[in-house]
Amino acid sequence: MDHPRRRHLENHARNHPRGGHLLTRTRLYVSRRDTVLRSRIALIPFKIGEALPKITWDAAATSANLQWPGQNDTLDFSAPAGIIVLRDGAEILSSPTRP
(Lines give C-alpha, C1' and ligand atoms only; values in the text may rest on other atoms or scores of the structure.)
Protein backbone atom coordinates (compact mmCIF):
# COMPACT_ATOMS: atom_id res chain seq x y z
CA MET A 1 0.00 0.00 0.00
CA ASP A 2 1.39 3.35 -1.02
CA HIS A 3 1.40 6.29 1.33
CA PRO A 4 1.68 9.93 0.36
CA ARG A 5 5.18 11.24 -0.17
CA ARG A 6 6.25 14.33 1.75
CA ARG A 7 9.25 16.32 0.64
CA HIS A 8 10.33 19.85 1.21
CA LEU A 9 13.34 22.03 1.84
CA GLU A 10 13.91 23.45 5.29
CA ASN A 11 16.02 26.59 5.62
CA HIS A 12 17.52 27.42 9.01
CA ALA A 13 19.42 30.53 10.02
CA ARG A 14 20.86 31.71 13.32
CA ASN A 15 23.58 34.03 14.55
CA HIS A 16 27.02 32.54 15.05
CA PRO A 17 27.58 31.95 18.80
CA ARG A 18 30.75 34.08 18.71
CA GLY A 19 29.12 36.78 16.64
CA GLY A 20 30.25 38.22 13.37
CA HIS A 21 28.15 36.33 10.86
CA LEU A 22 24.95 34.41 10.23
CA LEU A 23 24.96 30.59 10.02
CA THR A 24 22.60 29.16 7.42
CA ARG A 25 21.82 25.64 6.29
CA THR A 26 19.33 23.97 4.01
CA ARG A 27 17.98 20.48 4.64
CA LEU A 28 16.16 18.27 2.14
CA TYR A 29 13.43 16.34 3.94
CA VAL A 30 11.81 13.32 2.25
CA SER A 31 9.33 11.09 4.01
CA ARG A 32 8.07 7.95 2.34
CA ARG A 33 6.44 4.89 3.86
CA ASP A 34 6.27 1.99 1.48
CA THR A 35 7.28 -1.65 1.34
CA VAL A 36 9.08 -1.33 -2.00
CA LEU A 37 11.89 1.16 -2.63
CA ARG A 38 11.16 2.88 -5.92
CA SER A 39 13.01 6.14 -5.48
CA ARG A 40 16.63 7.17 -5.23
CA ILE A 41 18.20 10.32 -3.84
CA ALA A 42 21.67 11.26 -5.02
CA LEU A 43 23.71 13.42 -2.67
CA ILE A 44 26.53 14.82 -4.77
CA PRO A 45 29.04 17.07 -2.98
CA PHE A 46 30.27 19.99 -5.01
CA LYS A 47 31.87 23.39 -4.62
CA ILE A 48 30.11 26.51 -5.81
CA GLY A 49 31.04 27.08 -9.42
CA GLU A 50 31.76 23.41 -10.19
CA ALA A 51 29.77 21.73 -12.93
CA LEU A 52 26.95 19.47 -11.76
CA PRO A 53 26.55 16.12 -13.51
CA LYS A 54 23.86 15.36 -16.05
CA ILE A 55 21.91 12.38 -14.63
CA THR A 56 20.01 9.99 -16.90
CA TRP A 57 18.26 6.69 -16.12
CA ASP A 58 17.90 3.57 -18.25
CA ALA A 59 14.37 2.48 -19.30
CA ALA A 60 14.06 -0.06 -16.45
CA ALA A 61 15.36 2.44 -13.84
CA THR A 62 18.01 -0.05 -12.72
CA SER A 63 21.03 2.14 -13.50
CA ALA A 64 21.83 5.84 -13.57
CA ASN A 65 24.47 7.52 -15.69
CA LEU A 66 26.20 10.60 -14.24
CA GLN A 67 28.10 12.66 -16.80
CA TRP A 68 30.57 15.39 -15.93
CA PRO A 69 32.96 17.01 -18.40
CA GLY A 70 35.68 14.37 -18.86
CA GLN A 71 34.09 11.76 -16.54
CA ASN A 72 31.27 9.25 -16.92
CA ASP A 73 30.02 7.26 -13.91
CA THR A 74 27.32 4.58 -13.87
CA LEU A 75 25.46 3.46 -10.75
CA ASP A 76 24.06 -0.05 -11.30
CA PHE A 77 21.31 -1.04 -8.85
CA SER A 78 20.36 -4.33 -10.54
CA ALA A 79 23.30 -6.44 -9.34
CA PRO A 80 22.82 -8.99 -6.54
CA ALA A 81 25.52 -7.11 -4.61
CA GLY A 82 23.20 -4.10 -4.31
CA ILE A 83 25.10 -1.38 -6.14
CA ILE A 84 28.09 -1.27 -8.45
CA VAL A 85 29.82 1.97 -9.45
CA LEU A 86 31.55 2.08 -12.82
CA ARG A 87 33.82 4.90 -13.95
CA ASP A 88 34.28 5.06 -17.71
CA GLY A 89 33.18 1.40 -17.89
CA ALA A 90 35.56 0.00 -15.21
CA GLU A 91 34.25 -1.06 -11.79
CA ILE A 92 35.57 1.16 -9.00
CA LEU A 93 33.24 0.26 -6.13
CA SER A 94 30.60 -2.28 -5.13
CA SER A 95 28.56 -2.81 -2.00
CA PRO A 96 29.01 -6.02 -0.01
CA THR A 97 26.99 -9.05 -1.14
CA ARG A 98 23.64 -9.25 0.58
CA PRO A 99 23.05 -12.32 2.80
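**Close-up views of a predicted all-strand model**

**View 1. The lining of the largest pocket.** By class, 11 nonpolar, 1 polar and 1 charged residues line the largest pocket. Nonpolar covers Ala, Val, Leu, Ile, Met, Phe, Trp, Tyr, Cys and Pro; charged covers Asp, Glu, Lys and Arg; the others, Gly among them, are polar. This is a predicted model: local features need pLDDT of at least 70, side-chain atom pairs count only at pLDDT 80 or more, and totals for chains, interfaces and linings use all residues. Residues are numbered from 1 along each chain as its sequence is written, and side-chain values use heavy atoms, with hydrogens and water left out.

**View 2. The space inside the largest pocket.** The largest pocket holds about 280 Å³ of space. Its lining counts 13 residues, and Arg40, Ile41, Ala42, Ile44 and Ile55 are the closest to its centre. Strand E3 (54–57) and strand E4 (63–68) each give at least two residues to this lining. On a 1 Å grid over the protein atoms alone, a pocket is an open set of points where a 1.4 Å probe fits, with protein on both sides within 12 Å along at least five of seven lines; lining residues have an atom within 4 Å of a point. The volume is the space filled by probe spheres set on the points, which are joined across faces, edges and corners.

**View 3. The strands.** The protein has 0 helices and 7 strands. Its pattern along the sequence is β-β-β-β-β-β-β. Helices (H or I, at least four residues) and strands (E, at least two) are DSSP runs, numbered from the N terminus.

**View 4. Serine 63 in its strand.** Serine 63 sits in strand E4. Is it buried or exposed? Serine 63 counts as buried, because its relative accessibility is 17% and buried means under 20% relative accessible area (exposed is over 50%, partly exposed in between; 1.4 Å probe, protein chains only). Beyond its neighbours within four places in sequence, serine 63 is in contact (heavy atoms within 4.5 Å) with residues including Thr56, Trp57, Thr74 and Asp76.

**View 5. Serine 78 in a loop.** Serine 78 lies in the loop between strand E5 (71–76) and strand E6 (84–87). With a relative accessible area of 48%, serine 78 is partly exposed. Its side chain makes a polar contact of 2.7 Å with the side chain of aspartate 76. A polar contact is a pair of N or O atoms within 3.5 Å; within protein, one must be able to donate a hydrogen and the other to accept it, and residues adjacent in sequence count only if both atoms are side-chain atoms. Serine 78 and threonine 62 are 16 residues apart in sequence, yet 5.3 Å apart in space, C-alpha to C-alpha.
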